[in-house]
Amino acid sequence: MAASHKILVIDDSRVIRMRVRDMLPQGNFEVIEATDGVEGLDAIRNQKPNLIMLDFLLPRMSGWEVFQAIQASPELQKIPLVLMSGRREEVTEKIQGPFEYFEFIQKPFEQKELIDAIKASMVKARKVRPQTAAAGAAAGASAASGDSAAEIAALKQQVATLQKEVAMLKNQTAKILAFIKQKLR
């Protein structure tokens, strides 16, 4: 019988890769291993794993860079992700907590911690994210806030001009009405 779940473990430590493999319940998991970020990203794209366990500090391409590549792809974002590191600060320096869409586990970890982290990552991966287009637009909007200040000033100018024109039209209309009333006497 084929394994129902492919778990990709991206870690340069053979010990950690073996540890994860040993801690997983037997039978329904196929563990794919990658020893650095480049291999890991290739495996994510080619193997389509059901879960990614990603070490934050990796050779050739860091876990942070792999993480960014995953976040940039709406397809890859849906894969449950467990980030691993010996120090939580290494992760929080780059990614602000609370971690909404992935789970974090500190090394070394016990089997229960690993299983809990995997379960939590599966729940978090299902969370609906703001659309990347909207996120892009929001980023664009904040980047363009200098432009919007100029736009607001221009709009205020237009409003002021229109108000003057309306006042002039009202004035002219009043004069015309006064003129007509005079003629009707």
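Colleague: What volume does the largest cavity have?

Modeller: This is a predicted model, in which local features need pLDDT of at least 70 and side-chain atom pairs count only at pLDDT 80 or more, while totals for chains, interfaces and linings use all residues. Residues are numbered from 1 along each chain as its sequence is written, and side-chain values use heavy atoms, with hydrogens and water left out. On a 1 Å grid over the protein atoms alone, a cavity is a set of points where a 1.4 Å probe fits but cannot get out. Points are joined across faces, edges and corners, and the volume is the space filled by probe spheres set on them. Here the largest cavity has a volume of about 30 Å³, and the count is 1 cavity of 30 Å³ or more.

Colleague: Which residues line the largest cavity?

Modeller: Lining residues have an atom within 4 Å of a point. They are Ile70, Gln71, Leu76, Gln77, Ile79, Leu81, Tyr101, Phe102 and Arg129. Two or more of the lining residues come from each of α3 and α4 (74-77); such helices are DSSP runs (H or I, at least four residues), strands are runs of E of at least two, and both are numbered from the N terminus. By class, the lining has 6 nonpolar, 2 polar and 1 charged residues. Ala, Val, Leu, Ile, Met, Phe, Trp, Tyr, Cys and Pro count as nonpolar, Asp, Glu, Lys and Arg as charged, and the others, Gly among them, as polar.

Colleague: At what angle do helix α2 and helix α3 pack?

Modeller: Two packed helices are described by the angle between their axes and the distance between the axes. Helix α2 (residues 37-47) meets helix α3 (residues 63-71) at about 25°, and their axes are 9 Å apart. The two are therefore roughly parallel, a term for angles under 35 degrees. Axes are lines fitted to C-alpha atoms over the stretch in contact, and angles run from 0 to 180 degrees between N-to-C directions. Gly37, Leu41, Ile44 and Arg45 of α2 make the contact with Val66, Ala69 and Ile70 of α3, contact meaning heavy atoms within 4.5 Å.

Colleague: Where is there a cis peptide bond, and which residue other than glycine has a positive phi?

Modeller: Most residues other than glycine have a negative phi, and most peptide bonds are trans. In this model, a cis bond with omega of about -5° joins lysine 107 and proline 108. Proline 108 belongs to the loop between β5 (103-106) and α6 (111-125). Lysine 48 has a positive phi, near 45°, and lies in the loop between α2 and β3 (51-55).

Note on methods
Parallel < 35°, antiparallel > 145°, perpendicular 65-115°, else oblique. 1 Å grid on protein atoms, 1.4 Å probe; cavity = no way out; pocket = protein on both sides within 12 Å on 5 of 7 lines; lining within 4 Å.
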